[in-house]
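Please have the sequence and the 3D view open as you read.

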Amino acid sequence: MTDVLSRRGLNRATPARQHLLERAPTLAIDAIEHLGGMQSQTPLAPYVGSWTRLQDFAADELSTLTEQRQVVRLHLMRNTCISSARATAWTGARCSIRCTPPSSAGAFATVPRE
């Protein structure tokens, strides 16, 4: 028999998947990949987002990932600036190219592929 979530359980499922109910014991790169990206409209946003979600987060960890281009900032999801793992960034950019008029599709050409 399949368990059915209660209304409260259903309301808590999304924040739990996003590591918003309790801090997760994971690395920043793993959390960013798990989330599919983090909002990065302002330079401090991914740091605050990581700090609120991760148990042992240190700002230097995310800075190093960004400097080494393991985490990149790009415009995805309705042109919102997102920090994404480099390994998955190209997939998101290709999805945006398909939904974007040809005149602006070239903006995604510089996203590194592996």
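1. A contact here is heavy atoms within 4.5 Å. The model is predicted, so to speak of local features pLDDT must be at least 70, and side-chain atom pairs count only at pLDDT 80 or more, while totals for chains, interfaces and linings use all residues. Residues are numbered from 1 along each chain as its sequence is written, and side-chain values use heavy atoms, with hydrogens and water left out.

2. Val71 also belongs to the largest nonpolar core, which has 12 residues, including Met38, Leu54 and Phe57. Such a core is a set of buried Ala, Val, Leu, Ile, Met, Phe, Trp, Tyr and Cys residues joined through side-chain atoms within 4.5 Å; buried means under 20% relative accessible area (1.4 Å probe, protein chains only). Two or more residues come from each of α2 (28-35) and α4 (59-67), and α2 gives the largest share, 4 residues. Helices are DSSP runs (H or I, at least four residues), numbered from the N terminus.

3. In α2, the buried residues are Ala28, Ile29, Ala31 and Ile32. They lie on the same side of α2 because they cover an arc of only 160 degrees around the axis, taken from the directions from the helix axis to the C-beta atoms. Just after α2, Gly36 has a positive phi of about 85 degrees.

4. Please treat residues 94-114 with care: pLDDT (the predictor's confidence in each residue, from 0 to 100) stays under 50 there. Where pLDDT is low, the predicted coordinates should not be read in detail.

Technical notes:
Buried < 20%, exposed > 50% of the residue type's maximum accessible area, 1.4 Å probe, protein only.
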